[in-house]
Amino acid sequence: MNVRLEAFLILNRLFRGEPIFLDKHYSLSIKTGELSIPDRSFLVHLVRGIVKFYPQLQEIASVYLQKPKGLPKKVQIILYLGLFQLAVDTRIPDYAVVSETVELARHTHSHPWIKLVNAVLRKAASERVRWCKQAEQWGMVLPQWLEGYWRRFLTEGEMNQLKKSLVLPPVLYLRVNPLKTDSQKLITILLKKYSIVSNSLPLLPNALNTGLDYTQLVETDEYQKGYFSIHDLSSQVMVHLFDPQPGEKIVDIGCGSGGKTLMMAQMMKNKGCIYAVDIYPEKLKTLETLAHRQGIDIIRTIAVDATQSLPQELIDANRVFVDAPCSGWGTLRRNPEIGIIRKKSDNRPFAEKQFQLLCHASALIKKSGIILYCVCTLTPEETEGVVGAFEKLNPGEWEVNLPGNSLLQPELKPTILSDDKSYVIWPHYFNSDGFFGRAWRKL
Ligand SMILES: C[S@@+](CC[C@H](N)C(=O)[O-])C[C@H]1O[C@@H](n2cnc3c(N)ncnc32)[C@H](O)[C@@H]1O
């Protein structure tokens, strides 16, 4: 399989308006076994790069084109693939970028445009140093409405830091399974057996980071035996702040395939009970497989629409975690296609669903129990909007619950907003997903 052609095909679908999530498409190419690991890395690098730098690549192209807007979409994509490699990916020599991109134009039946692609790329290549210098300064271009909102919380300097961090490749975080091993042992095994370098993080006891590719890690014996999971750091922080205890009855609404559920079970030392609820049975099947692999047997999966009704057996929970479906703007670094797929008008329907989920879930808590609402997005509707509406609906029934000092490492302090009520993780704090959360105790 030709990687550049594969990248072109994915981008062509996305820019023609298909709401495709890129992760699913990369994994398709892997599953069919048509891509080697280095080829897969290159594919992800190309596709993410074009999506992240689309506006800047458009600007470079317009320097060399008389009527940039008149170009067919597919020719624009071919050009951006070439320009991205010239400006950002300095490993590839000029002649190779030009010839491979012209070849791609041939492959995609863009014959009338081959001369133009060739001419634009040759001119851009002759000014490569200039473009590379400019590219070092590039940050993510955000929709105006979102940038305007984020500026309410961040200084100019922080905003620039945030935009620059969003264009970097995502960091791969691991979570060690303390039921099977410990961080030090795993770091040593990964290094000795696979030459994989990983580092523990002061922020959380079982979190590691590594520069490696996802596919390489999931193929190790240790992953297959459940010694570790791949789990974004912010997501781990939310579970850490939730603080589930051994022996408790926990409900996890919107558990998906169990990223956070499994961490809860590990923090509970596999003692107590977790009811894991999701609307999609296939996600629950994956969760069951992973739980078995990780030596966890306290999870009961329940496939139900949690905006409707929840089974009686869930009532009187010590803690309820609501990880609601959301617009995902916090995951831009990993999923830059969010910027193309999502519109401002999507926020309100998400917020309505989140509010419904939170209200239903709150009926499950026993007196003095804790509920935590979180989303991997930072839009006003889905954050302040939802928690504000919940507090208005139930005045006097809940008090905001902030974690005790032992849970709040100095590195975690900035996650508490100036209002001292919510957990907010901006993507540039720890080079991880952006998250919003708030927890309450039932009075
Ligand atoms: C943000 S994801 C949760 C991710 C998961 N907790 C994890 O840590 O990997 C939200 C989840 O809510 C689920 N969901 C969406 N609508 C739902 C509903 N009405 N009832 C129950 N679950 C729902 C989705 O299937 C999805 O898995």
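Okay, Asp-278: this one counts as buried, because it has 24 C-beta neighbours inside 10 Å. Buried here means 20 or more other C-beta atoms within 10 Å of a residue's own, exposed means 12 or fewer, partly exposed is in between, and the C-beta atoms are placed from the backbone. Asp-278 sits in strand 6. Helices (H or I, at least four residues) and strands (E, at least two) are DSSP runs, numbered from the N terminus.

Before I go on, this is a predicted model, where local features need pLDDT of at least 70, side-chain atom pairs count only at pLDDT 80 or more, and totals for chains, interfaces and linings use all residues. Residues are numbered from 1 along each chain as its sequence is written.

So what does Asp-278 touch, leaving aside residues up to four places away in sequence? Its contacts are Gly-254, Cys-255, Gly-256, Lys-283, Leu-284 and Ala-303. By contact I mean two C-beta atoms, placed from the backbone, within 7 Å of each other.

Asp-278 also turns up in a record. UniProt, in an unreviewed entry, has a "binding site" annotation covering Asp-278, Asp-305 and Asp-323. These three span 46 residues in sequence, but no two of their C-alpha atoms are more than 13.8 Å apart, so they gather at one spot. A caution on UniProt: its positions are given in the numbering used here, feature names are shortened, and annotations may be inferred rather than shown by experiment. Asp-305 is in the loop between strand 7 (299–303) and strand 8 (317–323). Is Asp-305 buried or partly exposed? Partly exposed, because it has 13 other C-beta atoms within 10 Å.

Now the ligand. There are 16 residues around it, and Gly-254, Gly-256, Gly-259, Ala-306 and Asp-323 come nearest. A residue is near a molecule or strand if its C-beta atom, placed from the backbone, lies within 6 Å of it. The shell splits into 6 nonpolar, 5 polar and 5 charged residues. For those classes, Ala, Val, Leu, Ile, Met, Phe, Trp, Tyr, Cys and Pro are nonpolar, Asp, Glu, Lys and Arg are charged, and the others, Gly among them, are polar. Helix 15 (259–267) and strand 6 (273–278) each give the shell at least two residues.

Let's stay with helix 15. Of its 9 residues, 7 are buried, so the helix is largely enclosed by the rest of the structure. The buried ones are Lys-260, Thr-261, Leu-262, Met-263, Met-264, Ala-265 and Gln-266. Just after the helix, Lys-269 takes a positive phi of about 55 degrees. Lys-269 is in the loop between helix 15 and strand 6, and it counts as partly exposed because it has 13 C-beta neighbours inside 10 Å. Asn-431 also has a phi near 55 degrees, a positive value in a residue other than glycine. You'll find Asn-431 in the loop between helix 20 (427–430) and strand 12 (435–442).

Next, the record's other site. Where does UniProt put its "active site" feature? At Cys-376, again from an unreviewed entry. Cys-376 is in the loop between strand 9 and helix 19 (381–393). It counts as buried because it has 28 C-beta neighbours inside 10 Å. Not counting residues up to four places away in sequence, Cys-376 touches Cys-326, Gly-328, Gly-330, Thr-331, Asp-433, Gly-434 and Phe-435.

Zooming out, the domain assignment gives domain 1 (3–136), domain 2 (172–230) and domain 3 (234–442). Those bounds come from an automatic or database domain assignment. The C-alpha centres of domains 2 and 3 are 24 Å apart, and 13 residues of domain 2 are in contact with 16 residues of domain 3. On the domain 2 side, the touching residues are 7 nonpolar, 3 polar and 3 charged.

Last thing, the cores. A nonpolar core is a set of buried Ala, Val, Leu, Ile, Met, Phe, Trp, Tyr and Cys residues joined through C-beta atoms within 7 Å. The largest has 81 residues, and Val-251, Val-320, Val-322, Ala-361 and Ile-371 touch the most other members. Strand 9 (residues 365–375) gives the most to this core, 7 residues. At least three residues come from each of domain 2 and domain 3. Apart from this core lies another one of 41 residues, including Leu-22, Ile-60, Phe-84 and Leu-104.
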